[in-house]
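Here are my notes for a first look through this model. Please keep the structure open beside you as you read the points below.

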Amino acid sequence: MKPPEVDRVAASRAAVAARRARASVKRAVNERRLSAVAVLDTALSSTESVEATMRVRDLLLSIPGLGPVRVDRIMGRLEIAASKRLSGLGVHQQQRLREFLVKRAPRVEQPEQSRLVVLAGPTAVGKGTVSTYIRENYPEVLLSVSATTRAPRPGEVDGVSYYFIDDDEFDRMVAAGEFLEWAVVHNKSRYGTPRTPIDTALSAGRSVLLEIDIQGARQVKAAMPEATLVFLLPPTWEELVRRLIGRGTESLEEQERRLTTARVELAAQDEFDHRVVNRDVQAAAAEVVELMQIQKAIDLHGKE
Ligand code: 5GP
């Protein structure tokens with residue numbers, strides 16, 4: 001049976017995005033902004049991650065100083081076939097590769113300080129666009145994938161945009177303590193941040209970005225006071241309304257509900273550590289990432 005057109009278009013768009021994201025991870029390893037061990041750890045902690053679909057050979061080739069001849073010799077020694085992807089490794093292969101990477105791979109040049117950044121702000125301010133831009137252009141930052149009970153919108157991919165789950169599964173995850181935070185957003189659906197991928201990334205020294213609502217941001221600050229809270233602002237209120245209506249994917253009733261939430265959310269900006277105005281996606285993304293690095297430098301300085 002042929003999949004419907006919309007599914008095929010979404011699938012091919014997802015494949016292109018995945019390829020681009022893998023290239024960007026490799027570039028980060030090559031430029032020593034990201035360690036190869038962190039890439040392996042992410043791949044093993046989430047089979048849905050971009051890293052999981054990366055070939056072992058490509059990861060090794062992205063390490064500065066390793067050419068194809070040496071990489072093939074190393075893969076032979078590690079007993080890993082040339083076509084293997086990170087998610088397809090057996091337990092012993094994982095161990096051998098990890099040992100090799102820890103010993104061989106150069107250290108990343110940036111200080112490896114754990115950092116959790118929460119990006120919040122009113123509805124339609126462009127948090128999703130800014131965080132997607134960060135995921136695609138700054139692979140050293142892990143963008144957390146939330147779970148939600150709302151239905152997918154056209155083009156959204158399960159495991160990439162969100163984990164789309166039903167109420168029973170959400171209840172189970174809440175009861176099992178699997179969320180770092182969760183909230184009912186727009187008085188409607190539930191959204192939550194799975195805890196495990198974040199703990200794994202932070203302990204591997206990666207920066208983590210959460211794009212969540214303000215109630216979630218408050219919960220994260222309470223649970224992890226070291227988290228940095230960033231509030232994304234629209235250039236003006238009129239611009240926010242224009243963006244909200246312009247999206248055109250929600251009913252009038254839904255738009256009204258979102259405007260009400262946005263007014264309340266804007267009032268909370270003073271609770272945040274930093275404010276970033278979203279005039280231009282690229283500039284706003286760079287500012288958020290820069291905040292992570294400034295914060296790292298302050299932390300390091302503080303320890304001297
Ligand atoms: P949307 O349904 O438009 O994708 O998202 C609606 C809102 O839910 C956005 O403000 C988004 O930031 C928020 N959200 C997404 N994931 C989470 C989450 O894991 N926790 C919380 N608290 N809010 C989330």
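1. The axes of helix H2 (residues 36-45) and helix H5 cross at roughly 155° and come within 9 Å. Helices here are DSSP runs (H or I, at least four residues), strands are runs of E (at least two), and both are numbered from the N terminus. Axes are lines fitted to C-alpha atoms, for helices over the stretch in contact, with angles from 0 to 180 degrees between N-to-C directions. H2 is therefore roughly antiparallel to H5 (angles over 145 degrees count as roughly antiparallel, under 35 as roughly parallel, 65 to 115 as roughly perpendicular and the rest as oblique).

2. A word on the ground rules: this is a predicted model, in which local features need pLDDT of at least 70 and side-chain atom pairs count only at pLDDT 80 or more, while totals for chains, interfaces and linings use all residues. Residues are numbered from 1 along each chain as its sequence is written, and side-chain values use heavy atoms, with hydrogens and water left out.

3. Which residues of H2 meet H5? They are Ala 36, Val 37, Leu 40, Asp 41 and Leu 44, and their partners in H5 are Gln 94, Leu 97, Arg 98, Leu 101 and Val 102. Contact means heavy atoms within 4.5 Å. By class, this H2 and H5 contact holds seven nonpolar, one polar and two charged residues (Ala, Val, Leu, Ile, Met, Phe, Trp, Tyr, Cys and Pro count as nonpolar, Asp, Glu, Lys and Arg as charged, and the others, Gly among them, as polar).

4. H5 (residues 91-104) also packs with helix H4 (residues 68-78), at an angle of about 135° and with the axes 10 Å apart. H4 and H5 are therefore oblique to each other. From H4, Arg 70, Ile 74, Arg 77 and Leu 78 meet Arg 96, Leu 97, Phe 100 and Arg 104 of H5. The contact of H4 with H5 has four nonpolar, no polar and four charged residues.

5. Now to the sheet: four strands make an open, mixed sheet in the order E4-E3-E6-E5 (two strands pair if DSSP finds at least two bridges between them). Its edge strands, E4 (163-164) and E5 (179-185), each pair on one side only. Helix H8 (residues 195-203) packs on this sheet, touching E5 and strand E6 (189-194), and its direction makes about 30° with that of E6.

6. Strand E3 (residues 147-148) runs parallel to E4, and two bridges join them. Thr 148 stands opposite Phe 164 in E4.
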